[in-house]
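Open your viewer and get ready to select residues by number.

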Amino acid sequence: VTTALLRKSPDYYTIWNVRRIILKEGFLNNADDETTNKIYTGELEFVQENLKLNPKSYWMWNHRRWCLESMSQPRWDRELAMVGKFLEMDARNFHGWDYRRYIIRQLDLKDKEAKDKVLDRAQSEFDFTTTKIHQNFSNYSAWHNRSTLLGKLAEDMSHEEREAIVDNEFDLVKNAIYTDPEDQSAWLYELWLIGREERSISILGSSVISFHPLEIVVAFDETVEMRKPFTVSTRVEHVAIPLEGEWKATGSDSTLGSVWIFQQAPGAVYGPTVEIVIFSDDVCAVRAGSKLPSAVCYELETLNQNLEDISGRLERLVVGQNLMYDVTKRIGPISGPDGTLETQVVHPKHRVTSLTESDTLDGRVALLEREISAVRELVELEPECKWPIQILSTLLSELRKTVSIHSTHAKVIDDECIELQEKLITIDPLRQERYEDRRSQLVFDRETLQIIQDSKRFPEIEYATKQPRNLDLSMRGLTYIPISSYLLHLHTLNLDSNSITSTRFMRNLLNVRRVNLSNNLIERLEGLQHAPSLEFLTLENNMIAKWEDVAAGFVFWGEGKLGRTGGHVKVLLGNNPVVVNEGGEYVLEKRWEDVGEVGVEIQWQSEELRLAEEALLAAEGEGGISSVLMDGSRRVSTTVVEFAGVAH
């Protein structure tokens with residue numbers, strides 16, 4: 001029955017599962033070796049017969065693996081020949097390529113003690129990909145397989161041999177992209193060949209936001225997960241002791257974030273000095289490949305607790321033997337004469353390509369400039385082709401990592417990358433949102449240069465010495481805020497007339513007082529309860545349509561995610577669909593009043609209309625006001641409506 005069903009519908013995976021159960025519990029149960037081998041051989045022949053009809057069936061390839069792995073002496077060499085014939089029929093069948101890699105792994109395991117045999121097989125497979133690529137440059141599976149083999153072959157090569165093979169690969173890629181610049185296969189292989197220079201995680205800075213209880217903020221340039229609590233120590237009566245407390249990330253998930261806050265435990269006592277030590281293995285980046293390059297220490301002097309007199313920023317120290325916390329427990333002995341770690345710092349190799357490295361950035365810069373020049377030529381020849389433009393933007397971004405963020409060269413690169421994204425939006429509208437987000441990242445980086453600076457440990461970055469209090473990012477075409485931790489010290493932020501869809505970024509704006517988000521695309525309020533200093537929020541002319549989407553922004557406003565009470569905030573929500581959808585301003589005010597009073601004043605009417613009506617009512621006088629309210633044709637709200645954290 002299963003045989004008949006599978007011949008009619010080979011993708012019916014449940015039948016394949018049933019067939020295996022029948023074989024295991026029936027025909028194979030207590031069968032001798034000869035019978036078992038005959039059954040599995042029959043299954044392989046059955047699968048091969050059906051693969052000719054549908055060579056891209058996941059379940060048939062899976063069943064074939066099961067048969068081979070269950071056999072006492074599978075013929076892997078015969079399987080390699082078989083899959084080779086299928087790839088002759090269709091060289092782009094990724095099922096066949098995946099199965100071929102599986103067979104090679106099994107053969108390599110069989111010959112794991114014979115390294116030369118394994119390398120010879122890898123070279124043979126590499127040559128096989130060369131043949132298939134020359135037959136058809138648009139064979140992504142062959143390019144991918146080539147990348148997995150090249151790393152293995154290069155393991156025992158000298159630096160010169162690696163450079164020679166890389167040059168050959170670039171020549172092959174050039175032939176492919178000039179033959180068909182619209183095909184992505186060779187472009188993606190070139191990106192792999194060039195590789196990406198991953199930026200290290202940067203600690204932007206640390207500052208104190210409260211002394212009673214003690215609350216200290218540490219900001220990163222990307223979202224990180226805390227693997228181990230950062231070490232906080234203090235000195236009480238000349239004795240260094242750990243300071244008890246808890247670390248939390250801002251936002252809905254207190255285990256992930258770019259801004260972390262230490263809150264002193266009740267009853268804990270701190271002395272005149274507090275130190276924070278963050279080790280490289282304390283944090284893990286959400287972005288693959290990023291890591292904190294070395295331990296970092298910050299020191300806080302607690303004698304002056306007037307935040308109006310001091311900046312609140314903690315001093316960054318060199319990690320060494322003079323710290324209160326014995327860092328040798330985590331990083332080993334310190335041999336420097338001054339007790340620092342500088343003598344132990346291992347200067348990392350700089351990536352040149354995926355296969356080559358250098359002690360300096362010169363090789364990387366030369367390679368990128370060469371490839372950028374070549375891609376520019378192709379862009380001029382094919383101005384409406386998206387792939388050369390995308391690759392040019394990526395290569396320019398890689399080149400930017402090699403220069404100071406405040407250099408003229410960096411600004412020129414940023415401007416060109418923004419122009420390239422705008423061109424991609426025009427010629428590839430199906431992926432418009434992707435290009436808009438990339439453009440937003442580039443614009444944000446350019447517009448926030450006054451906030452950050454290069455660290456002494458290049459390419460790390462940190463907060464600039466002087467932080468602006470106001471930032472105008474209106475009419476920049478932003479779709480989101482890429483790194484909200486940059487904005488930690490702002491008091492006023494203008495984001496009017498962009499295309500921002502979410503307010504989640506506000507969870508990191510611990511010091512912001514006034515935010516203008518009018519004329520955006522926001523549909524739901526989120527993260528506002530984590531901005532305890534917020535006083536004025538403009539959200540007019542957005543897309544908030546439901547009562548629940550308003551209420552969500554102020555849940556727990558009174559108690560606060562960070563354990564502090566939110567102050568009084570005025571929110572302007574005029575010209576949002578919610579006003580009409582929920583029955584008008586009067587209904588919403590009554591509904592808001594029923595919730596309670598905790599400090600959120602909502603103005604449902606647009607500010608422009610409110611001011612116009614106030615002016616009209618003032619001109620009419622008290623009698624005019626009375627008549628207006630009586631006939632119900634016009635209404636002005638004078639009630640301060642506040643929202644309680646009890647409603648969910």
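Start with S202, and look for a polar atom of its side chain: the backbone nitrogen of I461 lies 3.0 Å from that atom. Keep in mind that this is a predicted model.

Stay on S202 for a moment. It is found in the loop between α10 (184-194) and β1 (203-211). Is S202 buried or exposed? The relative accessible area of S202 is 1%. Buried means under 20%, so S202 counts as buried. Now show what surrounds S202. Leaving aside residues up to four places away in sequence, S202 touches A219, F220, D221, E460 and I461.

Select P213, in the loop between β1 and β2 (214-226). Zoom in on the peptide bond that joins H212 and P213: this bond is cis, with omega about -5°. Most peptide bonds are trans.

Two asparagines come next. Select N30, in the loop between α2 (13-27) and α3 (33-51). N30 has a positive phi of about 65°, although it is not a glycine. Most residues other than glycine have a negative phi. The relative accessible area of N30 is 76%, so N30 counts as exposed, which takes over 50%.

Now jump to N575. Its loop runs between β19 (569-572) and α17 (577-581). N575 also is not a glycine, and its phi is positive, about 60°. How accessible is N575? Its relative accessibility is 47%, so N575 counts as partly exposed.

Stay with β19 and colour its partners. Strand β18 (residues 536-538) runs parallel to β19, and 3 bridges join them. Strand β20 (residues 600-603) pairs with β19 in the parallel sense too, over 4 bridges. Select K570 in β19. F536 stands opposite K570. K570 also stands opposite E601 in β20.

Last stop: helix α9, residues 159-179. Draw a line from its first C-alpha to its last. The 21 residues of α9 reach 31 Å, close to the 30 Å expected at 1.5 Å a residue. Which residues of α9 are buried? They are I165, V166, E169, F170, L172, V173, K174, A176 and I177. The buried residues of α9 pack against α7 (115-135), α8 (140-154), α10 and α12 (362-381).

How values were computed. Residues are numbered from 1 along each chain as its sequence is written. This is a predicted model: local features need pLDDT of at least 70, side-chain atom pairs count only at pLDDT 80 or more; totals for chains, interfaces and linings use all residues. Side-chain values use heavy atoms; hydrogens and water are left out. Buried means under 20% relative accessible area, exposed over 50%, partly exposed in between (1.4 Å probe, protein chains only). A polar contact is a pair of N or O atoms within 3.5 Å; within protein, one must be able to donate a hydrogen and the other to accept it, and residues adjacent in sequence count only if both atoms are side-chain atoms. Contact means heavy atoms within 4.5 Å. The expected span of a helix is 1.5 Å times one less than its number of residues. Two strands pair if DSSP finds at least two bridges between them.
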